[in-house]
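Good morning, and thank you for the time. I would like to take the group through one model, and I ask that you keep the display in view as I speak.

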Amino acid sequence: MGITLQGLGYYVPEDVLTNFDLEKMVDTSDEWIVTRTGIKERRIAKKESLLDMAEKASRMALDMAKISPQDIDAIVFATITPELGFPASACLLQGKLECKRGFAFDISAACSGFLYGLEVAKGLIEGNGLKKVLLVGAEKLSDIVNWQDRSTCVLFGDGAGAVVVSNEGEGEILASVMRSDGNAWEILYAERCGYINMKGRELFKLAVRSMEEVCLEVLQKAGLSVEQIDLFVPHQANIRIMEALAERLNISMEKVYSNIHKYGNTSAASIPIALTEAYLEGRLKRGDLVLMTAMGGGLTWGATLIRF
Ligand code: ACO
């Protein structure tokens, strides 16, 4: 029996910030943002905290998996916008869910956080005998966006995604490849309590090249070909990055899942939100071969191939 994503869940804040709203805040235009990024609007957590979003996404994933918080052996929380300095947002979520057992911790891998988290969850199940790991990717990036910097503020949004990673079910994590390069950290970073700094053009090129490399490596590792993929779920950073990646990998855009027009870049939350929406829309079915890839601050990047 393999390791399955038994439950999926997501939550996005109620408040919508459109490109037209941004036109009133900085010197930009809807046309510039849509043609450069594919983003039309994003959600901003005005009423919700990081934990509120994470709790809602988690409860949805637990419901789909038909398990209770007391069945969770560990909570892994991927975020670069933790609720507090300490304790970990994972511990705060454990409290919110009134989960009385197991253990909880955060990981910081920016936009690759969900895929790194999946790697950790897999290790906990295979190596440590855990049965159910709640993996959450949630971000309140609006807190670290400089709303006067047009080169970054148009890109990001808030949201949360969660999955129950389980030792029961028909799915499988077939192969994964994770990378980081701490020599290039200055391309994308935020100082403690500071704003996001980004060399956008450099990152664009690196993102396409690096994600292509790990996608090809992961397919090779699993002994599968690109034609066999049913759904490609790249990190939602920029539609042009996704299109360039799909073209290089020879994946038809029909197989690429994208919701960037609605949410922008939600960092660690982007892949689990996309997976959940794809499932709810009937685009992701049990037995499908799904390729996921991400790149972000660190720099960190990776690709994971699953049988859903
Ligand atoms: N509105 C209008 N003009 C703008 C804006 C804006 N919001 N932002 C920048 N510009 C201007 C620039 O000042 C520049 O003007 P200049 O030529 O007079 O100097 C011009 O537009 C072109 O700027 P570029 O940075 O070259 O534009 P580019 O086509 O590279 O698009 C973008 C910028 C969208 C940031 C792109 O480089 C990108 O998406 N990079 C990847 C960034 C990313 O995704 N980061 C997220 C984390 S990492 C990841 O998830 C992969």
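Two remarks on conventions come before that. This is a predicted model, in which local features need pLDDT of at least 70 and side-chain atom pairs count only at pLDDT 80 or more, while totals for chains, interfaces and linings use all residues. Residues are numbered from 1 along each chain as its sequence is written.

Let me begin with the domains. The domain assignment gives domain 1 (4-166) and domain 2 (172-307); such bounds come from an automatic or database domain assignment. The C-alpha centres of domain 1 and domain 2 lie 16 Å apart. Their contact takes 44 residues from domain 1 and 41 residues from domain 2, where two residues are in contact if their C-beta atoms, placed from the backbone, lie within 7 Å.

Which elements supply at least two residues each of the side of domain 1 that touches domain 2? They are strands E1 (4-11), E3 (41-44), E6 (132-140) and E7 (158-166), with helices H5 (113-128) and H6 (150-153). Helices (H or I, at least four residues) and strands (E, at least two) are DSSP runs, numbered from the N terminus. H5 provides the largest share of that side, seven residues. By class, the side has 23 nonpolar, 13 polar and eight charged residues. Here Ala, Val, Leu, Ile, Met, Phe, Trp, Tyr, Cys and Pro count as nonpolar, Asp, Glu, Lys and Arg as charged, and the others, Gly among them, as polar.

I turn to the ligand. Of the 23 residues around the ligand, Thr28, Arg150, Gly200, Phe204 and Ala237 come nearest; a residue is near if its C-beta atom, placed from the backbone, lies within 6 Å of the molecule. The shell draws at least three residues from each of domain 1 and domain 2. H7 gives the most, with five residues. The shell divides into twelve nonpolar, eight polar and three charged residues.

Finally, the helix pair. The axes of H7 (residues 200-222) and H8 (residues 239-249) come within 10 Å and cross at roughly 40 degrees. The two helices are therefore oblique to each other, the term for angles that are not under 35 degrees (roughly parallel), over 145 (roughly antiparallel) or 65 to 115 (roughly perpendicular). Among the residues that meet are Phe204 and Met211 in H7, and Ile241 and Leu245 in H8. The residues of this contact divide into nine nonpolar, no polar and two charged.

Methods. Axes are lines fitted to C-alpha atoms, for helices over the stretch in contact, and angles run from 0 to 180 degrees between N-to-C directions.
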